[in-house]
Amino acid sequence: ESGRDAAEILIRAGHTRIAYVGRRRDTDSQEDWPASNARWEGVQAAMTAHGLPLRSEYRVSEPGGHRTPDDMKVFPPLLSLPEPPTAVILFSDRMAPGFLTACSYCGISVPEGVSVLSFGTKLPSESHDATHTSCLETDCGQLGREAIRLLLRRIESPQLPVEKISLRTTLSDSQTIAPPG
């Protein structure tokens, strides 16, 4: 659902050329994290529902597991396309510093030249800084409670199938989202 929510926010802002930057399992893998695939499926569903094209060059994946990636490898080619996206959805807010650096390197201002929206889990004590992007955030407390519930369920009944859950997200702010220029 969160991928669809992200795309809907950008579509409501007027964007039709939306890119998604996912995350591969590691540097040697071509396989994305399951959460990355689920978000991409949501983006596709929203764009299809609005009759918007899904462009293969707008779907890229950054290697790196849960480390902060070297995003300078993936972002400049995306931002330098003959018809670049007007909005980019990042799998993780940890990609934001690399994306913002790449935008600066390419001479693109955020959000006037490109809007950006990421996903994250933000603790109440965290503050926003210069590397912050508009973010769909997951409540860390709810995430922890669900993890404990699922773990206890698995300990009690290991034979039960794996339960897939989806947590709601909330938009932290919209400072890096604007109508396309």
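I looked up Ile-155 and found it in helix H5, residues 140–156; helices (H or I, at least four residues) and strands (E, at least two) are DSSP runs, numbered from the N terminus. The model is a predicted one, in which local features need pLDDT of at least 70, side-chain atom pairs count only at pLDDT 80 or more, and totals for chains, interfaces and linings use all residues. Residues are numbered from 1 along each chain as its sequence is written, and side-chain values use heavy atoms, with hydrogens and water left out.

Ile-155 forms a nonpolar patch on the surface with Ile-148, Leu-151 and Leu-152, and together they have about 420 Å² of accessible area. Patches are made of residues with over 30% relative accessible area and no salt bridge, where like charges are joined within 9 Å and nonpolar side chains (Val, Leu, Ile, Met, Phe, Trp, Tyr) within 5 Å. A salt bridge is a side-chain nitrogen of Lys or Arg within 4 Å of a carboxyl oxygen of Asp or Glu. Accessible areas come from the Shrake-Rupley method with a 1.4 Å probe; for residues, only the protein chains shown count as cover.

**Rings**

I found 2 aromatic pairs; rings of Phe, Tyr and Trp (its six-membered ring) pair if their centres lie within 6.5 Å, and planes under 30 degrees apart count as stacked, over 60 as edge-to-face and the rest as tilted. Tyr-20 and Trp-40 are stacked, because their ring centres are 5.9 Å apart and their planes are at 25°. Tyr-20 is in strand S1 (residues 18–23) and Trp-40 in helix H2 (residues 34–49), so this pair ties together parts 20 residues apart in sequence. Tyr-20 is buried at 0% relative accessibility, and Trp-40 is buried at 15%.

Phe-75 and Phe-99 have ring centres 5.1 Å apart and planes at 85°, so I noted that pair as edge-to-face. Phe-75 belongs to helix H3 (residues 75–79) and Phe-99 to helix H4, so the pair ties together parts 24 residues apart in sequence.

**Cis bond**

I looked up the peptide bond from Val-110 to Pro-111, which is cis, with omega near 5°. Pro-111 is in the loop between helix H4 (96–105) and strand S4 (115–121).

**Whole chain**

I noted 5 helices and 6 strands in the protein chain. Buried residues make up 43% of its 181 residues.

Notes. Buried < 20%, exposed > 50% of the residue type's maximum accessible area, 1.4 Å probe, protein only.
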